[in-house]
Amino acid sequence: MSSSVPRPPKKRSPQAPGGSGSSPAEQSPVPGFAPFPGAPEPPEPPARLPRALRDALQRVARFAAEERLFRGRSRLLVAVSGGPDSLALLHLLLRLRDRFRLELKVAHFDHQLRPGSAEDLRFVREHAAALGLEAVTGEGPVREVAARQRRGIEETARLMRYQFLAFAAEKEQCDAVVTGHTADDQAETVLLHLLRGSGVRGLRGMLPAGQVPGAPGRALLRPLLCLRRADTLAVCRDLGLEPRVDESNRDPSHTRNRIRTALLPALADFNPSIDAALFGLAESAREAFALLERRSFEARALERGPVGAVYEAAALAGLPGESLWLVVEREAAFFHLEPAVNRTRLENLRQALRRGSGSVAFGDTAVEVSAGRVRIGPRLEPVEPAEPVLLDVPGSRRFGPWRVDVLTSPAEATPQAPVAGLASASLRGALRVRHLQPGDRIAWRGLTRKVSDLLIDQKVPAWERPGAVAVTDASGPAAIFTASRVFTRDAGEPPDLWVRLAPLSR
């Protein structure tokens, strides 16, 4: 394969300087990464440097400036396996550290998957020491963990590696983790996501700047996405480096290896520029996803509380599928949940939105549609039944997680402590507080109705109904409290008793 990466034609304004000529960076970058307006031009590397090294330095410097990779991130943890990509990454960053004011530390994780992996760890330590850099190393029995957790070895190795890198970055107070993923890795990743039925987000492939998987808020940078593997090998040759060779990269049992060695070459028979096509697809998906992400922020939660975030159903029903996906993930993260989102569940949610009712479990995250509202939050446990409690008039009694106050003077209602006004002349017998029961009825606005029907007709969401509390007399419910509404029985008299339901102080 050529060491250059084709790119789609770059748009120019009629007044763009430079005429029809092209700069060295325009002749061989990864496609689709146009510089932001006013991006600084990195200085040229010294002419005396070997050609491959000089070209790689210029391209990485330009790419880092265009993507603002090192803005606000100067202390970097560089993931080094010992292979050509990570070694080239380390040496390129060493030569760029003055330009971008970088401080580098080296990290290596031994997966213990093959004989010789301990030699890789020793190689990285010694190489870092020879460069005057500190190396942080770790190791873990990936095969054993994969068997115990019933995960694939590839997935387990990836998760454990990133867990270590996130831990090491925090321990060393680094601003970001940096990896040596190249444009070839990008093509494989896009194709892998395509085979798995990914949406637009997956087709973006790897982002130049993202987050460490499993460690939200920990930055992950990929400054070599503008280079090919042939480029990193050429950099190592120019520098006289002898990278370690990982034989597992040829193991056909690994999906990514089969994509690299079998599928991509087969696709090249149909399209010799398949790599460029995949790069272009990733960039198009990146642009489209930015619009979808923007749409996801158009829907705003009405409230957030113990049961989750509540939205207007109409606001979510109008979103594209992937924007809705983002809303679910964002709210799940707010409540420290880990949603299992896939296309089947997403389609089930969209059907519930069309019907106006229904619930979908996204792993530990529940999404309920009811009464024109949508709740996104934890799965709710069944309401613990509490024994009915006789109320003192006036006085205060405890009922489950509530304090029930019966007052003889008006009390101010708040969202946390609603108040119902009752006319004592219309009451029959003692007042009690209890949960709703099947068949409960209440006289409300001139009609006697089943409470269950009333709550549905009055658009009380399904998640509020099981926890509703009734204040009753001998005739049945005199007042009903839900999380958002209070219903009082028709009395025909002005109230002279006020019942307040307040959460117990913790």
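**Figure 1. Overview of the predicted model, a chain with 15 helices and 22 strands.** The C-alpha atoms fill a box of roughly 100 × 55 × 40 Å along the principal axes, and the radius of gyration of the chain is 31 Å, whereas a compact globule of 506 residues would have a value near 23 Å. Buried residues account for 44% of the 506 residues, and the accessible surface of the chain comes to about 26200 Å², with 51% of this area belonging to carbon and sulfur atoms. Among the contacts in the chain with a separation of 6 or more, 69% are made by residues 24 or more positions apart.

**Figure 2. Close-up of an open sheet of four strands, in the order β13-β14-β22-β15.** The pairing in this sheet is antiparallel. Strands β13 (395–399) and β15 (419–422) each have a single partner strand and stand at the edges, so one side of each is left without a neighbour in the sheet. On average, and with direction ignored, neighbouring strands of the sheet are turned by 20° against each other. Strand β14, which covers residues 402–407, pairs with strand β22, residues 497–503, over six bridges in the antiparallel sense; Trp-402 has Pro-503 in β22 as its bridge partner.

Figure 3. Val-433 has a relative accessibility of 1% and counts as buried, because the cut-off for a buried residue is under 20%. Beyond its neighbours within four places in sequence, Val-433 is in contact with Pro-388, Val-389, Leu-391, Phe-399, Val-404, Val-469, Ala-470 and Val-471. Arg-158, by comparison, lies 275 residues from Val-433 in sequence, and the C-alpha atoms of these two residues are 55 Å apart in space.

Figure 4. Is Asp-440 buried or exposed? With a relative accessible area of 9%, Asp-440 is buried, because this value falls under the 20% cut-off. When residues up to four places away in sequence are not counted, Asp-440 touches Arg-434, Arg-449, Lys-450, Val-451 and Pro-477.

Conventions
Residues are numbered from 1 along each chain as its sequence is written. This is a predicted model: local features need pLDDT of at least 70, side-chain atom pairs count only at pLDDT 80 or more; totals for chains, interfaces and linings use all residues. Side-chain values use heavy atoms; hydrogens and water are left out. Two strands pair if DSSP finds at least two bridges between them. Helices (H or I, at least four residues) and strands (E, at least two) are DSSP runs, numbered from the N terminus. Axes are lines fitted to C-alpha atoms, for helices over the stretch in contact, and angles run from 0 to 180 degrees between N-to-C directions. Buried means under 20% relative accessible area, exposed over 50%, partly exposed in between (1.4 Å probe, protein chains only). Contact means heavy atoms within 4.5 Å. The radius of gyration is taken over C-alpha atoms; the globule rule is 2.2 Å times the number of residues to the power 0.38. Accessible areas come from the Shrake-Rupley method with a 1.4 Å probe; for residues, only the protein chains shown count as cover.
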